[in-house]
Each structure stands twice: as structure tokens, then as C-alpha cells.
Amino acid sequence: MTLPDLGPLWLTLHLAAVTTILLLICGTPLAWWLSQTRSRVKPIVEALTALPLVLPPTVLGFYLLVLFSPTSTFGGFWVRVTGETLTFSFTGLVIASMLYSLPFTVQPLQAAFESIGRTPMEAAAMLRASPLDRFATVAAPMAKRGFLTAAVLTFAHTLGEFGVVLMVGGNIPGKTKVISIAIYEHVETINYADAHVLAAILLVFSFTTLVMVYTINRRYPVGGRA
Amino acid sequence: MLNVDITLNYKDFALNIAQSFPASGVTALFGRSGSGKSTLLRVIAGLELNATGRIAWGDDVWQDARHRTPPHKRGLGYVFQDTRLFPHLTVAQNLSYADKRAQNHPGPSMDDVITALDLAPLLPRHPATLSGGEQSRCAIGRALLTRPRMLLMDEPLAALDATRKAEILPYLERLRDNIGTPILYVSHQMAEVTRLANHLMLIDKGQITHAGPLETLLADPATAPALGARDVGAVITATLTAQDSDGLSRLTCATGPIYLPHIDAPLGARLRIRILAQDVIIARTAPTGLSALNILPATVTSLHPDGASTLVQLHAGTDQILARITTRSATALALAPGTPCFAILKTAAVAPAHIGDQPNLVPHTKL
């Protein structure tokens with residue numbers, strides 16, 4: 001048995017890693033704001049954040065395709081600034097994945113921040129800690145399980161992305177041909193052997209990751225009794 | 001001096017406070033649960049964002065119509081009722097969290113605090129593994145290490161049983177006498193308050209009803225309704241002069257000796273003793289053939305009848321004593337202001353929890 005082309009696997013891991021890192025950076029402030037705010041727009045922002053959960057990926061993909069098109073304002077602006085189009089590019093795929101996986105980052109983080117409550121943050125404030133200091137030294141360490149869950153879910157969810165990629169990225173080897181697309185293509189061409197290998201890799205990888213997360217979560221609870 | 005003039009309105013509760021708080025000694029805020037005492041501490045700390053009005057520490061305005069200093073810049077220490085130690089940090093890390101952020105402020109060192117509160121054996125442990133009393137000590141230590149201008153303590157002993165309380169109180173007395181930091185101490189336990197405080201403020205339904213030096217306020221019959229019948233009682237000051245072989249301690253107060261069950265304190269110690277009004281009996285003539293050992297000559301200052309019972313204020317030398325007797329007895333004894341009489345105090349009636357060191361008002365900087 002020969003291995004199929006593993007290019008789509010590496011591309012998928014690359015995309016998932018970039019998406020996860022960027023989403024943790026952008027999603028953390030959003031999740032923190034949602035967990036603390038008493039603003040009236042909170043439900044609207046929450047709904048927007050959760051939208052990718054219920055929207056068919058093709059709908060999200062369709063709107064993004066329209067938005068990314070060089071003839072649109074945003075797409076045209078992007079072409080003028082970077083010289084590249086967003087459609088059918090890796091960058092476009094990253095942006096699409098970030099939107100698609102946003103709830104998988106924001107919701108676990110928001111839940112983790114909310115479960116900490118106000119009281120430890122008040123205690124830190126009374127120990128002369130500034131808001132940023134309080135976040136870094138109290139909220140973030142106490143929410144470390146939330147970060148772990150968010151990172152793993154985002155990563156795993158991006159691995160399985162299909163519909164959005166198909167709409168926005170197409171199927172360009174080395175650029176936008178991710179593993180789920182490759183599997184689909186193998187099945188379409190009745191190349192079940194290669195489809196089996198890629199599918200098995202994805203299955204084993206996802207399962208192993210989840211087992212690791214649950215093990216770590218069990219072994220290192222917050223405030224562990226070392 | 002801390003000046004507070006604030007209003008805070010909630011649906012079923014309003015806090016209206018216009019009061020100056022002394023910048024020395026221990027000021028106790030005493031009131032029932034729900035009276036607003038904890039909320040007042042939160043307002044002073046800047047944690048209640050809905051409070052309106054003005055708060056200033058000397059010339060330093062913390063809150064007025066245009067400006068609000070955030071809590072972490074007010075330089076206050078706060079001991080929360082539920083300790084709020086950080087669960088993800090050890091005791092040592094909890095202490096250094098405060099210490100690191102207060103490097104530029106004068107006050108006790110890490111070693112001073114660890115020694116004063118006996119924290120050394122607890123340092124490597126996580127808060128979840130500590131007993132309630134140990135957690136309280138750590139929380140108090142952590143608050144001290146912020147080297148605050150004022151320490152706010154919100155019922156730091158409320159979660160502890162009587163034994164644990166008795167363990168912590170001596171630490172608090174030591175802190176009061178050895179650090180210059182003023183303390184605002186919230187409690188609904190009068191025994192605790194009389195042991196610790198120099199100043200007393202009574203708070204009821206979101207308003208301060210009485211404020212003044214503790215001895216004066218407790219001897220004032222006007223505060224009786226706010227305290228509740230069981231908690232009415234003046235404090236007297238006495239010096240421990242002898243430990244008798246039969247297990248009694250002999251103390252000298254303004255009008256003579258009194259005897260109390262053994263008090264564990266060095267000879268010469270100045271003690272403050274709380275005498276509940278319900279434990280005092282009044283006689284017009286010096287009684288004989290009576291089991292009570294403590295018979296103090298006194299003079300009636302005023303009478304305050306309230307239905308079947310009457311609160312009698314007496315002065316015995318420089319001390320004030322309150323006695324609660326029946327209105328019928330007050331009439332039968334023909335008590336009136338100026339009447340000489342004897343205040344009889346049963347030796348065993350004074351609970352150990354009601355005896356504490358007389359607060360030392362000279363502030364020291366070292367623990």
C-alpha cells in the first residue's frame with residue numbers, strides 16, 4: 001500500500017494551528033468582555049458569535065465569497081493593500097476559518113471567565129493589581145481549563161471544516177486543498193484506499209487529542225492539591 | 001481622616017452615610033445583618049459602582065461627581081468575610097502577590113507578617129487544604145502586606161466557631177496595638193467589637209445612628225435599642241493585680257477590687273471588661289451574706305424605663321456601668337439621679353470572651 005499525497009494533511013494542520021492561535025488572541029478579549037459586560041448589546045453580540053454554530057457552512061461561505069470578491073469594497077481594498085485576492089487563497093481560508101470556529105473559542109472562554117465570578121478579581125484589585133494585571137495573574141490562570149478546551153475545540157473544529165472551504169477556497173493543491181476536501185475528492189473519484197488512509201489519520205489524530213485534553217484536565221485541576 | 005458622604009439606592013435598600021472615620025485605632029461598624037455595614041465597606045473600597053457622592057482620604061479625593069479613583073489605586077487593604085485567597089496559588093504566593101505590588105509603600109515586611117500571624121508552617125500549602133482559622137490568618141496577612149493606608153475588615157471571624165475565634169482574636173489585638181494602620185472593622189458580634197475597637201459606630205437600615213468612643217457609646221443608654229437587650233453593657237477598665245490561689249484573678253478598677261475567674265494575662269496588664277447590663281444587680285445598702293464577690297459603690301446617673309424593665313446608668317469612680325433591672329425594683333428602691341447605691345456583679349457572669357487588652361492608642365510602625 002502506498003501513502004496518498006499528504007500535502008492536504010500538512011496544509012490542514014497549518015491552517016488549524018494558525019486559526020487557533022489567531023482566534024485565541026482575538027477571541028479572549030471578546031469572551032472577557034461578554035463575561036463582564038452588563039451592556040444591552042450583549043445578547044446581540046452573543047448571537048452573532050454563535051451564528052456559525054447554526055448557519056449552514058455554505059451560507060457563511062457564500063457571504064464570505066461575496067465579501068472577499070475583488071469587486072466588493074472589502075475584497076477590492078485587500079487587493080489594493082496586499083496585491084493578492086482573498087478568494088481561493090490561504091489567507092482567505094484563515095479568515096473564513098476564524099469566523100467559522102469563533103464560537104468554539106469564545107464560548108468555552110466566556111463560560112470559564114463567568115465561572116470565576118467577580119470575587120477573585122475584587123480581591124486582586126484590593127491587592128493593588130491593575131485591571132490588566134488582574135486578568136493576567138488571576139483570571140487567566142483560573143480559566144486555564146477554559147483556554148485548553150477552547151484551543152482544542154477550535155483546532156479540532158477547523159480540522160473538519162469543509163463547506164466554508166469549498167465555497168471560499170476551492171480546491172487548489174498546496175493552497176486551499178485541505179484534508180476534508182481531499183477525502184471528498186478521493187471518494188468522488190472512487191479512490192477509496194486513499195480516502196481510507198486520510199480519514200483514518202484524521203480520526204486517530206482527533207481522538208488522541210481529545211484523550212490528551214481530558215487526561216490533562218483531570219490531572220491538573222485549578223488550585224490543585226499538589 | 002476618611003470622609004464619606006454617599007448615597008446608594010437599591011430596590012429594597014438604601015445606604016445614606018455622611019460620616020468621618022478616624023485615621024487611627026480600630027473603628028467598629030456594628031449592626032444587624034442587612035444593615036448595610038458590608039456595603040459601606042465596599043463603597044469605601046470603590047467596589048460599588050452605583051454609589052454616588054463624595055469620598056476623600058484627607059485631601060485625596062477618591063470619588064466625587066466627576067472623578068472616581070479605581071479600587072486598586074486607593075491603597076486600602078480588604079479582608080473579605082469569605083477570605084478570597086487565590087485558589088491557584090499557595091499561601092506563600094498569595095502573600096507575595098500583595099507584597100510585590102506594595103514594594104514602594106512603608107509597612108510591615110513579609111517576615112514581620114509571617115511571624116506575627118504564625119504563617120510559616122502554612123506557606124507551601126494551597127488555600128483549599130487549610131482550616132477556616134488558618135485561611136482567616138492568611139487573608140489578614142495578605143491584606144497587611146498591601147501596606148494599606150487603612151485596613152477594611154468585613155466580619156473576618158464570622159465564618160469561625162467560638163474556639164477558632166478565640167484563637168484569632170489575640171492576633172487581631174496584637175495587630176491593633178503594634179501597627180499604626182487604622183482599621184475599619186465590620187461585625188455583628190458585640191463581644192468581638194468590645195475586645196478590639198476604640199471607636200464604635202452603630203449602623204441600622206443603611207444609616208449610622210450613633211458614633212463615638214467605644215466606652216462612651218456603650219455606657220450611653222440611648223444606644224440600647226440599637227444594640228438589642230442582650231448586648232447592652234458598658235465596659236470598665238481594670239488592672240490585673242493578683243492571681244489568687246483559689247483560681248480567681250484580682251483586678252483593681254476605679255472604685256476598688258473586683259474578682260473574676262482566672263484571666264490569663266501578666267500582672268499589671270490593663271484590661272477592658274465588658275459587663276452586660278443584665279448581669280448587674282443594684283442594692284441601696286451594702287449587702288452582707290451574699291455570694292457575689294464584686295460589690296462596687298456607685299451613684300445613679302440616669303434612669304431609662306422601657307416598659308417592665310428599666311436601664312439604669314451608674315457611675316463608679318471614672319467608670320460607667322449600665323444595669324437592667326425591673327421598673328418595679330427601680331420604683332421600690334426609689335432610684336433617682338444622684339442616689340448612692342451598690343452595683344453587684346456576679347463573678348462568674350463575665351465571660352472570658354468579654355475580657356480583652358485595653359487598646360494601646362500609641363501607634364507603632366513595626367509589628
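This is a predicted model: local features need pLDDT of at least 70, side-chain atom pairs count only at pLDDT 80 or more; totals for chains, interfaces and linings use all residues.
**Entry 1: where the chains touch**

I started with the contact between the two chains, and it takes 26 residues from chain B and 24 residues from chain A.

I reminded myself that the size of an interface is often given as the accessible area lost when the parts come together. For chain B and chain A, about 2,100 Å² is buried between them, and 63% of that lies on carbon and sulfur atoms.

Then I looked for charged pairs. The rule finds three salt bridges across the interface of chain B and chain A. I looked up B:Arg42 and A:Glu122, whose side chains meet in a salt bridge at 2.8 Å, N to O.

**Entry 2: inside chain B**

Chain B is assigned two domains: domain 1 covers 2–218, and domain 2 covers 233–357. Their contact takes 13 residues from domain 1 of chain B and 12 residues from domain 2 of chain B. I also checked the spacing of their centres, taken over C-alpha atoms, and got 33 Å.

How much area do domain 1 and domain 2 of chain B bury between them? I noted about 950 Å², with 45% of it on carbon and sulfur atoms. On the domain 1 side, B:Arg195, B:Glu215 and B:Leu218 supply 49% of the area buried against domain 2 of chain B, more than any other three residues.

The salt bridge count between these two domains is one. I zoomed in on B:Glu215 again, and its side chain meets that of B:Arg272 in a salt bridge (3.4 Å, N to O).

**Entry 3: a nonpolar patch on chain A**

Last stop was the surface of chain A. A nonpolar patch of about 660 Å² is made by A:Trp33, A:Val41, A:Ile44, A:Leu48, A:Leu51, A:Leu53 and A:Val54.

Which helix of chain A gives the most to the patch? That's helix H2 (residues 42–54), with five residues. A:Val54 is found in this helix.

Why does A:Val54 count as exposed? Its relative accessible area is 66%, and exposed means over 50%, so A:Val54 qualifies.

How values were computed: Residues are numbered from 1 along each chain as its sequence is written. Chains are lettered from A and ligands numbered from 1 in the order in which they are written. Side-chain values use heavy atoms; hydrogens and water are left out. Patches are made of residues with over 30% relative accessible area and no salt bridge: like charges are joined within 9 Å, nonpolar side chains (Val, Leu, Ile, Met, Phe, Trp, Tyr) within 5 Å. Accessible areas come from the Shrake-Rupley method with a 1.4 Å probe; for residues, only the protein chains shown count as cover. A salt bridge is a side-chain nitrogen of Lys or Arg within 4 Å of a carboxyl oxygen of Asp or Glu. Helices (H or I, at least four residues) and strands (E, at least two) are DSSP runs, numbered from the N terminus. Buried means under 20% relative accessible area, exposed over 50%, partly exposed in between (1.4 Å probe, protein chains only). Domain bounds come from an automatic or database domain assignment. Contact means heavy atoms within 4.5 Å. Buried area is the accessible area (1.4 Å probe) that two parts lose on being put together, summed over both.
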